[in-house]
Structures are given as structure tokens and as C-alpha cells.
Amino acid sequence: MSRSALVGNVTAMLEDAGFLVSDRCAVRPKSFDVAARRSDELLLVKILGNIDAFDGTTGVEMRRLGRFLDATPLVIGLRTRDEELKPGVMYLRHGVPVLSPDTALDLFVEEVPPMIYAAPGGLYVNIDGEVLADEREDRDWSLGRLADELGVSRRTVSKYEDGMNASVEVAARMEDLLDAPLANPVDVLDGADEVVDDSVDRSDAPEADDEDLVAVLTRVGFDVHPTTRAPFKTVSEDDGGAENVLTGHSAFTKTAEKRARIMSSLGAVTRTRSVYVVDDASRDAVDDTALIEREEIAAIDDPDALRDLIRERAKSSA
């Protein structure tokens, strides 16, 4: 299957599941392909045939964007270079959850979450330690008795009851012995690793041609987070708790217009405003992305004034 067809299939699946899906981020470089929202669930989705193409820099960028936009970064893919992704299993690559299309379909359409996750050494399940202890005690089995039946140590059984996860094989034997379900579903939507601050120093620094825009936004009162692989240059927040603002800047070329349209679509899904800073604007906006000239934005000194201008430009375009 071509990557374009795979993106189309995944997008259709998310729409069938009730998500509002953004336009595809068809510009390079890009850390994710689409954003998708269903109620308060917001996903940033990367779609790949071979998930080995997903690198560490993209993983950090997606996790950072997830933090700034209150979104779950997610990769949906078909295979590694060695094997197809197994159904019903959550994988993890560079701190980001990875699902096969079938597993994503089960989760989002059928509302059946995966029960297994992949980690170094094999496949594992989350054991409900309290249920395990209750089932063992109901049978009047000691820790040693269950350990003997499983072929593990008494200490290992004690750890399972304290919340340690088990391999799929051991979990299946426990469920057979006790004739009870013991596994908890994997929480995909809370499955991304936290971003460690010292791991993002390089990607959190603005590129040379972004510094002027970052300086202006910071002076106005925004907390500015530069990006390296997104269709926008920064995500900017202020202390007022209002909408975040996606920003871009460049000469106003056909590529810039394309980026502005993508930013508008992303803004509708992520519930953010978007603005594109250009040297010379011949119109007010591209869809809902406001166009502001560099001299104009340099003269603004307060976040409310910038927000008002963005709203005005987007409204006049509509």
C-alpha cells in the first residue's frame, strides 16, 4: 500500500470514529501528518508504512507539541523492517505510542483498547495486582503455591500483586490457573513519555531566521515555543489562559500560502489561532490564518492587541 493510500485510510477511519481531522500536513519537514479531535481528545498523528523511519528528533518534537497543545502524539504504522505490527499491541518508539491500523480501528471505532504492550524483551500486560491477590486468596492459595504453579519465585508473585507487569505468557498462565481476567487495558492516550527538559535544549532554541519573530512575541508577553519540524514556526502561549497561537513567517510565496492554509486547518482542530508574518501582505488572511506584515507586528506591545488583530484579519477574510 502506498503511503498516500495509508494516510487516506487512517484519516477515513478517524472520521468514522467521530474525529474532526485536519488537512494533511503536506509540507516538509513535518513531525506529524494530521491532527484529529473528538470532544476533548486531541491527537497528533504520524502515519508510516515502516515505523523504523520514525526518528528520535521527530519523537521529541511530537512529544513537545503534545505538551504545548494538550494532545496525544501517536504513530500509526504497518511494520518494522523485520515484521508486521501485531494487532492488539501498543508499541513505543522514541517515547511515542505506536499502533497498527487494525489496533487503532479497535481503539477508536470499536472502543476496545489494546491489552498488550511491547517492550525490550517481548510482549507484556498490565496486571491488576489487587484482583490477582483477591483471586489467589479466594482459593486459599499461598504466594508459594501460585509461584510453584507458575514456575516463578514467590518474590516474583509478590511483585505482580504489587503492580509489576508480566509477560504475555505468564499472564495467560495466571488467568488459566485462576480462571479470571487479570489484565488491565493499555492507556494509549496517556502513553507518551514526558519530555525531559535537558533533552530538548537543541530543538527548543530558535533558528537564526526565527529570532526576530520570537523576540517580538516574547516582548508582547507570550511564552514562545519554537518548532523544528512542524508546519508552523512556533506555538505561543500567554498567561491569560486564552487560545494558543500558531505562527509562521517567510516571504509570501505559493509555499507560504500552502503552509498558511494548513495552519488554518490545524487551528480549527487544535482550537488555536494562527498568524503568518510576511514582509508585504496583499490581503488580510489565508482562510483563517491572519497575514500580518513584519512592521505591523513589531509595533504591537500587548497580547490582546495581537489577538484582536488576528481575529479581525481572519474575520474580514471570511
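Where is the place of Thr 253 in the chain? In this predicted model, Thr 253 sits in the loop between strand S13 (245–249) and H10, and the views below take up that loop together with other parts of the chain.

**View 1. The whole chain, with its 12 helices and 16 strands.** The C-alpha atoms of this predicted model fill a box of roughly 80 × 40 × 30 Å, taken along the principal axes. Of the 318 residues of the chain, 49% count as buried.

**View 2. Thr 253 and helix H10 (residues 254–270).** With a relative accessible area of 40%, Thr 253 is partly exposed, because that value falls between the limits of 20% for buried and 50% for exposed. H10 itself is mostly covered, with 12 of its 17 residues buried; among them are Ala 256, Glu 257, Arg 259, Ile 262, Met 263, Leu 266 and Val 269. Arg 271 follows H10 and has a positive phi, near 60°.

**View 3. The buried side of helix H9 (residues 211–220).** The buried residues of H9 are Leu 213, Val 214, Val 216, Leu 217 and Val 220. They lie on the same side of H9 because they cover an arc of only 160° around its axis. An α-helix has 3.6 residues a turn, so residues three or four places apart point the same way. Just after H9, Gly 221 takes a positive phi of about 125°.

**View 4. An aromatic pair formed by Phe 19 and Phe 108.** The count of aromatic pairs comes to 2, and one of them joins Phe 19 to Phe 108 in an edge-to-face arrangement, at 5.4 Å centre to centre and with 85° between the planes. The pair links distant parts of the chain, since Phe 19 belongs to the loop between helix H1 (3–16) and strand S1 (20–21), whereas Phe 108 belongs to helix H3 (residues 101–108), 89 residues apart. Phe 19 and Phe 108 are both buried.

**View 5. The largest pocket, with about 250 Å³ of space.** Of the 14 residues that line the largest pocket, Gly 66, Ala 71, Pro 73, Ala 192 and Glu 194 are the closest to its centre. Helix H2 (56–69) and strand S4 (72–79) each supply at least two residues of this lining, and the largest share, 3 residues, comes from H2. By class, the lining of the largest pocket holds 5 nonpolar, 3 polar and 6 charged residues.

**View 6. The second largest pocket, with about 210 Å³ of space.** The lining of the second largest pocket includes Arg 3, Arg 28, Lys 30, Lys 46, Asp 55 and Arg 229, together with Pro 29, Leu 48, Ala 53, Phe 54 and Thr 58. Divided by class, the residues of this lining are 4 nonpolar, 1 polar and 6 charged.

Key
Residues are numbered from 1 along each chain as its sequence is written. This is a predicted model: local features need pLDDT of at least 70, side-chain atom pairs count only at pLDDT 80 or more; totals for chains, interfaces and linings use all residues. Side-chain values use heavy atoms; hydrogens and water are left out. On a 1 Å grid over the protein atoms alone, a cavity is a set of points where a 1.4 Å probe fits but cannot get out, and a pocket is an open set with protein on both sides within 12 Å along at least five of seven lines; lining residues have an atom within 4 Å of a point. Grid points are joined across faces, edges and corners, and a volume is the space filled by probe spheres set on the points. Helices (H or I, at least four residues) and strands (E, at least two) are DSSP runs, numbered from the N terminus. Ala, Val, Leu, Ile, Met, Phe, Trp, Tyr, Cys and Pro count as nonpolar, Asp, Glu, Lys and Arg as charged, and the others, Gly among them, as polar. Buried means under 20% relative accessible area, exposed over 50%, partly exposed in between (1.4 Å probe, protein chains only). The arc is that of the directions from the helix axis to the C-beta atoms. The expected span of a helix is 1.5 Å times one less than its number of residues. Rings of Phe, Tyr and Trp (its six-membered ring) pair if their centres lie within 6.5 Å; planes under 30 degrees apart count as stacked, over 60 as edge-to-face and the rest as tilted.
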